[in-house]
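The report that follows describes how two chains meet and then turns to further parts of each chain.

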Amino acid sequence: MATTEVERRRGQLAALSIAAVVIIVGVPLWWRTTETYRAWLPVSQIKELAKLQLQLSADVEVVFARGTVTPEQQKKVPLTLSQDEEHIVDEKTALWYRYETRYRTATIMEEDALNQPTAAEADLSLHTLSESPCGSLVVYVIPESSPLLLQDVNVYIGQRRTAFLRVGTQMRVGRTLEQLLAHLEPQLKQVLQLMSFSHADITAALSDRVRLIPGNKGGIADSMRAFKSSPGYEITFSLLNPDPKSHRVHWDIEGAVQTYIQPLLTKLAPVANFSIDSQTLYYAMLGVNPRFDSSRSAYTLNVDSLAHVINPVEARLGSNAASSNPVLNFLLYIPDAHHSPLYIHDHKKQEVPSNAFHSPRWGGIMVYNVNGFYGSEVVYPVDININMAKVMGVFLAQLRLLLGVQSSSPPPGFLVAPCSSTGLADWELDRLMWSRSVENVATATTTITSLAQLLDQISNIVINDNIAQQVSSAVTSLQLAVAELEAGNLGFALQYSKEAILASERAFFDPSLLHLLYFPDDQKFAIYIPIFLPMCVPILLSLLKILSEARQKHREKHAKKE
Amino acid sequence: CSVLLIKMKQRIRRKDVTVENFLRVLTGRLPPSTPRSKRLLSDDRSNILIYLTGHGGNGFLKFQDSEEISNVELADAFEQMWQKRRYNELLFIIDTCQGASMYERFYSPNLMALASSQVGEDSLSHQPDLAIGVHLMDRYTFYLLEFLEDIHPASKTNMNDLFKVCPKSQCVSTPGHRTNLFLRDPGSVLITDFFGSVRKVEITMETINFTDHVKQLQKETYSYVDQLPVSEIIHQKPKQKDWHPPDGFILGLWTLILLVFFKTYGIKHLKHIF
């Protein structure tokens, strides 16, 4: 009948149009709405950064004082030489050290300065003449007869960026400049390694990239002790008074911090920001019982029991809730009247002169005995004023160690000037800046490469625009930092490396990057089948019916033709 | 003294214990406003102990009756911690049914795992309290605690002794462990590396000599801001709350009621209202 034919045609058209809508409109719509937004990341540049080739350049000036070079040798000076050293740390990290050495003779003003009676005064007057920029060194070669250095001292390392190197007399007779330079070479190299960067320091700074082989124990201990590089640190000074009934303790912490600690922190401003607070805790005991030593009539704490002191005390110390910067805690413990005096003994049962100990990456504790300040016939509580100079001397030394200012023992024949009033020599700051720059660059590159790898592996994580922007800025800062290190601009290199670290950490730890969209395959099927199957089955069946009818018609037509 | 009686501050409340928060704490992806006490501030020298207990099955652990965490998510979280050097060594202890399935998928180095039962086994609870009517503790946890109470901070017991805790005769299920990802030999790993609060210390040998010349700072005197006298505070009248027109919902509800009324009974009843 005509109507059934029309009906059938209508039915076929309906099925075909539904199938068309589903395929042309529905499938792309489903694809777009279920795909995760992933902003573009500079993956190729990140892959380039994965292979780190760092070049560190240091400028050295070697100044020959009068009496160290013969006139023939003097003709060839001034002279500039550069030396390159390559170290391959592992298959992805290579280090190049470049030393640009300029040799020249001393000016008249410098000769005058070198005529001072002691090395320290000579250092000071040389400093007033000219100031070396960050990351460079000046080595003055002085003759054997010079009174500046003592008999057995060959090298004097000053408080700023100068060193005095004594050359032997027999070198003057008939030697060419090349032989003189070759003679100076080993000692010059030692000076360079002490005052700028040494391979051991730099590989320790790379510990984020390169897993240290557990052979070099000394290097590992140093790298474990210092805090990891961070843009800011919090320093907390705590006074622990377990016996307020006997001792009323007063400490001028504000003045002491201003006088002793603040100069060091101001000098370290390019490296990190510091915030300082202080507190007093009453009735806070150390968690270990000291032993009474009758031979010295004092209480002693053995170094082994010190390991259990920190955790119970730490629970009582507060911390700044707002920031997540690492905290350095310095505790001053006044022993109670019944357990005074209290001394710390080392492994050899000897008293420790500083009466203090420190814990790597945590802080330091000093025990301050006050029983000597009052007799036995007093009215309790006794007023006690703490000698902040002594206390801060210990805390400052611990602070230096914890921040990574290495106190490696100098080679034999070297004399290192004692700390200046700030507590940090200029060359120590340079060393810290070198190792911090390298550490920042290494950490930022590992963070960025592992983030890129992670985002590549887990295709379900959403990458927002702000993350892509942080990653791009981190990559740019890293490239700039590496370039500045190559050029020898230490200050800029450190600044760019700090920016790189901040951006990469912000990108890696962004709260939106949580991998919450993990669905095992059977769960995916369980979700989609109840939705799509009831919809697709009628469409498919009707399509099949249309197809079979069309084929049948085609066959009939063929049969009719023949 | 018992090693486990360290003061545990309950910093994370029950409603915060979700899979998302757990993964966020582990990987460090917390919003910037999160305080220090709710963060895991670990670095590459930290040893971490993770203890999980509850109901679980093959490859998952139940959280708060409505969520579950799978072993793949846990393994990925640990890998992200490793990439960012957030742990030195990690000890993972789990006391649930089929607990061994949770550590099957780990692939990051320096992980050691202990579970109370193998795949296909159930972990059973210890003794019931007849007064309350519930079981108080799981068997594995009970014997583990019993073992740990004998450890003091200077003890030299190692991990191989921990693996022997709660054999099949006591636990009914077979405890399992996994050490193939751990770099050190388990026999050389002390229990106090994870459980004791032992810190490395060094004696301070150097000091800096300062001569006592503290500058006398101007002492600022601090005082409180002028406050309202107490009597005024107590007798203050309560603030008049501003009148707001009724909420849209209430309006809509009453409109509906009126409409239904007039539809049912006809418009002529309107005169009874107005």
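## Interface between the chains

A salt bridge is a side-chain nitrogen of Lys or Arg within 4 Å of a carboxyl oxygen of Asp or Glu. Glu202(B) forms one with Arg225(A), where the closest N and O atoms are 2.8 Å apart, and the count between chain B and chain A is 6 salt bridges.

This is a predicted model, in which local features need pLDDT of at least 70 and side-chain atom pairs count only at pLDDT 80 or more, while totals for chains, interfaces and linings use all residues. Residues are numbered from 1 along each chain as its sequence is written, chains are lettered from A in the order in which they are written, and side-chain values use heavy atoms, with hydrogens and water left out.

In contact (heavy atoms within 4.5 Å) are 47 residues of chain B and 65 residues of chain A. The area buried between them (accessible area, 1.4 Å probe, lost on being put together and summed over both) is about 5200 Å², with carbon and sulfur atoms giving 57%. On the chain B side, Arg29(B), Arg36(B) and Arg199(B) lose the most area to chain A, together 15% of what that side buries.

Leu111(B) lies in strand β6 of chain B, residues 111-115 (strands are DSSP runs of E, at least two residues). Leaving aside residues up to four places away in sequence, Leu111(B) touches several residues, including Phe78(B), Tyr87(B) and Phe182(B).

Note on methods
Helix = DSSP H or I, 4+ residues; strand = E, 2+ residues; numbered from the N terminus. Buried area = accessible area lost by both parts, 1.4 Å probe.
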